[in-house]
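Hi,

Here is the model I promised to send over. Have a look, and my notes follow below.

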Amino acid sequence: MSNDTDPDAYKCYDKGLLLPLVNESTWSIGARATIYILGLLWSFMGVSIIADVFMCSIEVITSKVKRVKVANPKAPDGVEEVEVKLWNSTVANLTLMALGSSAPEILLSVIEIVGNNFYSGELGPSTIVGSAAFNLLCISGICIISIPKGKSSRIHLFKVFCLTAFFCIFAYVWLFLVLVVSSPHVVELWEAIVTLLCFPILVILAFLTDKNYCGKKKEPKDTEIALGVGGDIEGVFITTDNITRDGVANIYKDVGKHPDLTPEQVATLATIEAEKNTPHSRAWYRVGATRDLTGGQKLVPKYDPKMLQTYRQLKDGSSVSVGTIQSDVPIIEFAASSCAIYENEKRVRVSINRKGNLNPQVIFKYETLDGTAEAGSDYIAQRGTMVFDSGEVQKHLDIEIIDDNEWEEDEVFFVKLSLEPHSPAKLGKKNTMQITIINDDEPGTFDFTLASYLFKESVGDAHIPVVRSNGTDGKVELKWSTKDLSAVNGKDYIGGEGILIFEHGEREKTIDIPIVDDSECEKDESFKLELVEVSAGGKLGRIKSTVVTIVNDDEFNTILDRVVNITNINLDRIRIGNASWGQQFREAMNVNGGDVETATAVDYILHFLTFGWKVIFACCPPPNFLNSGGWICFLVALGMIGMLTAIIGDLASIFGCLIGLEDPITAITFVAVGTSLPDLFASRTAALNEKYADTAIGNVTGSNSVNVFLGLGLPWVIATIYWGSKGLPFEVKAGSLSFSVLIYGVCAVLCIGLLMLRRFVPALGKAELGGPTIPKYISAIFLVFLWFFYITMSSCQTKGYIKF
């Protein structure tokens, strides 16, 4: 500031450590406030991006594995070599993971004290309490209602959660005691040291609780003994870097029969399944949330929802029995491929069936076509439109036959189905029907068209035709059965016995035998299909048995290898911490990390807003730099977060001052919410995708405790040592901070109490997340109300409306 600048006119110029960079005394208050709020919001984007890099390094560090040998009776030698994580998940969550998610708040508190000549500030401590309130109340509330209807999610490591929940409340009770009771308005050295030491104490106790060293150990099950679970082996078993061929084959078996899914789409589904079935840490979800909010590379590839719905339906169908797979689109076809009618009956009725998706309305066309029978002389031509309403499965079409009282040979004509180009439905194989006009009143003779048939293993259903000749009078039931040759019923095909019904006039139908595709290389296998007996005076023809041969699909292995390669490329592209320095810059400079095909308009906007930050932070060494195991990236990213946090602190303080907000109010609103938004989205995603609720809300309590023990304990120790060397006490005004802590403590007790009730009360679902619709919405509204109550009461006290 120049010497001729009036300090009274230059408002809030002394609130920052680094800012303002230029003399703003001639700027209007409104313009300065607008610039500072935009800068604050932009800086929140920046700190979330460097926190993404920081979390990637933590993910690499905590994902370190070692190979160990464990007993497994199912293994060839009784011993299996597996990979296990070196880091205990509970320890990782309370140390590096908590530091990663809370680094801005913790560093803000440290930087504020050091930059303020070791005097206590209000922004850092209030941000820690405000962030804790938002995390515990709002994140828990959002996660409760995020679970789909009819589902619920419980905390798995409940003892660990109880411990961290206790410390989540104890930390702030301890903070209140230090500020108000033990040594009012002064923090002594022993209090600061105890506060800091509570952090390792929490980690040790949580580890002991996780390993159940303090309780009665359960006897491990046989499967746990075989896999080493519950023994002395640390961590959980993880998959290898690449998805296995068998894993892709299982997915391909479910979807490979669908004609519209390309190998690339199958590979995308395999990637989604691989990610879904892999347990993910909070760091993984935090990185994913940040990238979604900044237009970065997605951790799960984008996909067409209809394609995933198709896969779900195919998978559900295959889990019932082979051959019962339902299509995701309506399929329209005739009930039989041919039928016959006597000329003197003067009318033929044909049936049109719908299968597959029965929900949408389907409009289809039909028309008759001449064969040896001619329209006008042998039958009345028809052309028109029919509609399948939702849920309707069959329609009938009546065609008039002309009886000319003249003897003629049997004549045929056809009825053809068609659809509009943009129809949601598809035509089945029996989309054209042959109608024969005959002068015969016999039930007919039944036999196969061929003595043998050949089908690929991947065909799904083998359709073996049975024809009716020499008459089509009346309804006839035809009994059939299968007999194993080299193929085995139940293993290679689904056979047994059945009845094929020919309605009056129907001339050709098929026996559908599901073929089991086990995706294994096998020799050709055969079974016999026989027509056993016929009712109503019908006769069995000459070919009353046929041999069905199942041949190995030669192209299956080629396609499967291609799908496996594409899947592994997809997995490598989205794997955290796997990029080189050059790849980091390429991903930073391209929307969606280069995957522009799936980028949306929102992705482009977010990428444009954060482009500068992405390029700047791409300078941070990648996690695999110099084979450091992520530690170099960890330290550099931590330093960058510190520098950006100092700027955020200045922006928030000056902005609050310009609009008349005190630092405590600015901290518990703008700063706390801005730094916690990625955690909100990460927790919601974890709630939707993880089997248990630990990653979604179980880690919040531990993180809130770490905020106090590190975020206040560390700067307090530094400041008390500094002032102690001068023979002076370290003064901390209790005022707003102590009242905010008190209100938070009350809200935290109510929140933890509600989560416990939800876990144990059947009417609430007996689960922390999800459950019955009305109770879960009431719970969420109550928790969000508590957060607004906390903000309102703390702000009123800071403004002086509440005396404390």
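Predicted model: local features only at pLDDT ≥ 70, side-chain atom pairs only at ≥ 80, totals over all residues.

Residues are numbered from 1 along each chain as its sequence is written, and side-chain values use heavy atoms, with hydrogens and water left out.

**The sheet**

Strands here are DSSP runs of E with at least two residues, and helices are runs of H or I with at least four, both numbered from the N terminus. Two strands count as paired if DSSP finds at least two bridges between them. On that basis there is an open sheet of four strands, in the order β10-β7-β5-β12 and with mixed pairing. β10 (394–400) and β12 (426–427) are the edge strands, each pairing on one side only.

β5 (residues 330–334) and β7 (residues 347–356) run antiparallel and are joined by five bridges.

**The cores**

A nonpolar core means a set of buried Ala, Val, Leu, Ile, Met, Phe, Trp, Tyr and Cys residues joined through side-chain atoms within 4.5 Å. Buried is under 20% relative accessible area, exposed is over 50%, and partly exposed is in between (1.4 Å probe, protein chains only). The largest such core has 124 residues, and Ile50, Tyr172, Trp716, Tyr744, Leu769 and Tyr790 touch the most other members. Helix α1 (residues 29–62) gives the most to this core, with 14 residues. Apart from it lies another core, of 25 residues, including Phe334 and Tyr366.

For packing, axes are lines fitted to C-alpha atoms over the stretch in contact, with angles from 0 to 180 degrees between N-to-C directions. Contact means heavy atoms within 4.5 Å.

The axes of α2 (residues 89–115) and α17 (residues 713–725) come within 8 Å and cross at roughly 15°. That makes the two roughly parallel (under 35 degrees; over 145 is roughly antiparallel, 65 to 115 roughly perpendicular, and the rest oblique). Ser109, Val110 and Ile113 of α2 make the contact with Leu714, Pro715, Trp716 and Ala719 of α17.

α2 also packs against α3 (residues 123–146), at an angle of about 165° and with the axes 8 Å apart. That makes α2 roughly antiparallel to α3. On the α2 side, the contact residues are Glu105, Leu108, Ser109 and Glu112.

Most residues other than glycine have a negative phi, and most peptide bonds are trans. So a few spots deserve a look. Leu19 and Pro20 are joined by a cis peptide bond, with omega about 0°, and Pro20 sits in the segment before α1. Phe118, in the loop between α2 and α3, has a positive phi of about 65° and is buried, at 18% relative accessible area. His185 has a positive phi too, near 65°. His185 is in the loop between α4 (158–182) and β4 (186–187), and is partly exposed at 43%.

Cheers
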